Amino acid sequence: MGRFDRRVAVITGAARGIGFGIAQRLASEGASVAILDLDEAAATEAAGRLDLAEGARAVGIGCDVVDSAAAEAAVQRVVDELGGIHVLVNNAGVTRDNLLFKMTEEDWDLVMNVHLKGVFNMTKAAQSRFVEQKYGKILNLSSVSALGNRGQANYSAAKMGIQGLTRTLGIELGPFGITANAIAPGFIVTEMTDATARRLKMEPEELQRLNAEATPVRRVGQPEDIAAAAAFLCSDEASFITGQTLYVDGGRKLG
């Protein structure tokens with residue numbers, strides 16, 4: 001028996017990176033999984049790569065989480081095709097980094113909309129089903145950048161906002177059998193951090209080395225590190241934990 005047998009999990013922004021890592025971990029423990037991504041072809045391809053437990057299914061769905069109607073339609077499609085929804089992981093995100101005096105209004109709005117409005121839209125669509133069945137697990141992806149990071153005024157504000165939203169969801173939804181928690185990853189090796197390295201005019205391996213040296217456990221994180229924490233917080237073993245943000249950063253923000 002897997003921890004997620006007969007459960008259906010929805011993960012946004014899961015065609016690659018941390019989202020796909022979480023999707024794979026939940027699938028390996030028995031969940032049927034819906035991978036949501038802006039690009040439906042990429043979502044469908046990623047769903048096809050999942051190593052599913054016996055009897056579990058997977059589907060890829062295109063969804064712009066900023067669009068409330070699209071979020072509602074995606075959740076309804078999950079219910080229709082996979083038979084329900086029990087876990088929601090809000091992972092979809094973008095970056096538009098720049099110093100404040102160079103940051104455009106469009107860059108601010110895009111990051112705020114995807115991270116905060118996207119979480120709001122998806123959670124609102126899922127919570128009506130969760131409340132009806134008196135069961136649900138919500139996991140939101142924050143970031144260590146919530147504590148402040150040069151060149152990320154928009155991203156830092158959005159990721160700290162997610163922590164406040166998560167606490168409020170814990171208060172409001174707890175009486176209905178629903179928990180809401182967040183994970184704040186540190187440096188995780190993904191296509192996004194590789195792109196950051198190239199933007200800084202260095203090779204990804206060099207940026208990884210520098211971050212590993214600055215981290216107490218002397219290594220960088222992998223999507224599997226976040227997936228392990230996610231699997232716990234989305235399981236019934238964490239049923240007495242809600243409204244919390246878990247920093248998974250190798251101790252980077254301790255000092």
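**Charges, rings and the sheet**

Modeller: The charged end of R7 sits over the ring of Y135, 4.2 Å from its centre. Here, sitting over a ring requires NZ of Lys or CZ of Arg within 6 Å of the ring centre and within 35 degrees of the ring normal. This is a predicted model, where local features need pLDDT of at least 70, side-chain atom pairs count only at pLDDT 80 or more, and totals for chains, interfaces and linings use all residues. Residues are numbered from 1 along each chain as its sequence is written, and side-chain values use heavy atoms, leaving out hydrogens and water.

Biologist: Where does the charged end of R49 sit?

Modeller: The charged end of R49 sits over the ring of F20, 4.4 Å from its centre.

Biologist: Now the sheet: what is the order of its strands?

Modeller: The open sheet has seven strands in the order 3-2-1-4-5-6-7, with parallel pairing. Strands (E, at least two residues) and helices (H or I, at least four) are DSSP runs, numbered from the N terminus; two strands pair if DSSP finds at least two bridges between them.

Biologist: Which are the edge strands?

Modeller: They are strand 3 (58–62) and strand 7 (245–248), each pairing on one side only.

Biologist: How many bridges join strand 5 and strand 6?

Modeller: Strand 5 (residues 136–141) and strand 6 (residues 178–185) pair in the parallel sense over six bridges. The bridge partner of N140 in strand 6 is A182.
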